[in-house]
Amino acid sequence: MEIFNAYAENRKFLFEKNLDDFLTQEQYIFNMSKSIASEIIQKYEPIEEVKQASQMSFEGFSRFLCSSECLLFSKEFNNVYQDMHHPLSDYFISSSHNTYLISDQLVGPSDIWGYESALVKGCRCLEIDCWDGSQNEPVVYHGYTLTSKLLFKTVIQAIHKYAFITSDYPVVLSLENHCSPPQQEVIADILHSILGDALLSDILDDFLDKLPSPEALKFKILVRNKKIGTLIETHSRKGLDKHGKSPEKEIESKTSAGLAFFRKKKVRKVKVALALSDLVIYTKAEKFRDFNYSREYQQFYESNSIDESTARKLSKLKAHDFILHTMKFITRIYPKALRADSSNFNPQEFWNIGCQMVALNFQTPGMPMDIQNGKFLDNGGSGYILKPRFLRDTETEFNPQKTPEDSKPVTLTIKVISGIQLPPSIHSSSNKADTLVIIEIFGVPNDQVKQQTHVVKKNAFSPRWNETFTFIIQVPELALIRFVVESQNIIAENEFLGQYTLPLLCMGKGYRRVPLFSKSGEDLEPASLFVYVWYIR
């Protein structure tokens with residue numbers, strides 16, 4: 001009501017000019033056509049006589065502030081707006097780990113839903129663990145564990161159906177391949193027969209010596225697997241019958257003694273079916289040795305998978321080398337084997353050094369998946385986000401551990417005003433909660449900070465905090481903002497009520513509504529926060 005009264009000349013109605021003033025002075029909407037205020041009145045004013053007089057009542061103004069037009073996530077980022085013609089290595093790519101699992105890594109079920117839900121969320125890199133099955137039918141499951149099995153062809157059918165529902169941009173199938181050559185050939189046949197023209201099975205004319213762009217690969221599905229020979233050799237075999245041909249490739253592989261996390265490394269020769277090998281075009285899986293080796297010998301179409309523990313050590317000891325590596329080669333980071341409970345690491349630390357495919361267990365709710373979902377809201381939810389220039393420019397001096405000399409910090413001010421129909425505490429018999437709001441910044445280490453409001457007692461319906469927080473963010477291009485609503489618990493840890501995460505630079509300014517989501521990612525509408533946001537660069 002205070003906002004309305006400040007702009008309503010008679011404290012009863014807003015005239016078009018009053019609404020124009022509000023939009024420019026509070027919402028920072030400039031260069032607008034004269035019709036915007038009129039359109040808002042026509043759309044949100046419920047009283048017909050007031051609408052006809054080109055005025056707006058308090059009820060209409062409230063409806064506007066609670067509408068999608070005043071969401072914190074600015075609507076201009078709801079569509080693909082970034083340049084999609086850069087090579088694949090220039091993008092952060094939404095990626096999942098062991099996508100077939102919907103619970104833990106040892107005894108939980110495998111389910112097609114894992115692939116379907118990941119694709120609907122915009123995931124663009126899926127993992128498929130392939131093993132020999134009975135009756136010459138390859139299966140998908142977590143090897144050497146008690147997880148249930150899926151037919152490989154059923155997985156590919158689901159992927160084909162859901163691949164481009166959310167995004168038009170390419171999907172990468174990262175195969176963890178343990179199959180014998182005959183069943184690898186079955187895999188190749190299944191990929192061909194089900195995916196058809198969507199399967200990328202040959203090099204593109206304009207990309208003989210460089211990675212193609214997401215735009216060039218629209219509606220294409222790529223296979224990531226071990227590969228024999230070069231791309232030129234693959235191209236020369238196009239149209240030939242490759243069945244029964246399985247050259248050997250020497251690799252350092254993982255073998256198991258019992259459960260998956262008792263693994264030791266061993267060099268062995270494996271046979272790769274030529275029919276499957278030749279389906280690997282721009283995403284060959286190549287073991288990472290060290291940065292010097294990659295600089296000398298790694299080909300542009302070869303990508304590396306590095307476990308989180310190794311990647312974390314490298315990022316601390318050789319951050320600059322790591323960043324230069326991710327400029328040239330797609331790098332996938334995956335959870336360490338000890339995460340048998342399907343827990344996740346914080347993906348931010350690997351985005352900070354330019355890693356494209358930071359693969360998480362999508363089935364496990366919590367802060368890491370909140371950050372993942374929040375980051376990939378950007379660029380129309382396409383699953384591809386163009387990396388900042390300092391993670392693409394080979395002359396870069398960027399190091400996430402240090403404040404950049406040419407930093408253009410953002411001063412961010414957030415006033416947490418009130419809550420709207422927050423979820424009640426499960427511990428309260430009267431459906432009330434002692435509510436507080438936490439604001440967290442994720443980004444480079446120097447930017448990571450957390451602040452919180454005071455507690456409003458026994459009010460989850462319409463708590464008011466009216467608290468203002470200021471943050472100075474050195475690397476805004478990598479920063480994410482997370483709002484968490486909790487109910488205070490004196491004895492145990494606070495109870496999670498809802499959260500919302502988004503990129504800093506996707507935030508609208510002025511009075512904004514922050515939608516809230518449950519721990520499992522469900523929209524808690526109409527539960528939300530009402531905030532005022534302002535920032536300058």
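Reply: Leu317 has a relative accessibility of 73% and therefore counts as exposed (buried is under 20% relative accessible area, exposed over 50%, partly exposed in between, with a 1.4 Å probe and protein chains only). The model is predicted: local features need pLDDT of at least 70, side-chain atom pairs count only at pLDDT 80 or more, and totals for chains, interfaces and linings use all residues. Residues are numbered from 1 along each chain as its sequence is written, and side-chain values use heavy atoms, leaving out hydrogens and water.

Me: In which helix is Leu317 found?

Reply: Leu317 belongs to helix H12, residues 308-317 (helices, H or I of at least four residues, and strands, E of at least two, are DSSP runs numbered from the N terminus).

Me: How are two packed helices described?

Reply: The description uses the angle between their axes and the distance between the axes. Helices H6 (residues 112-120) and H7 (residues 152-162) pack at about 20°, with axes 9 Å apart; axes are lines fitted to C-alpha atoms, for helices over the stretch in contact (heavy atoms within 4.5 Å), and angles run from 0 to 180 degrees between N-to-C directions. H6 is therefore roughly parallel to H7 (angles under 35 degrees count as roughly parallel, over 145 as roughly antiparallel, 65 to 115 as roughly perpendicular and the rest as oblique). Among the residues that meet are Ile112 and Tyr115 in H6, and Thr154 and Val155 in H7.
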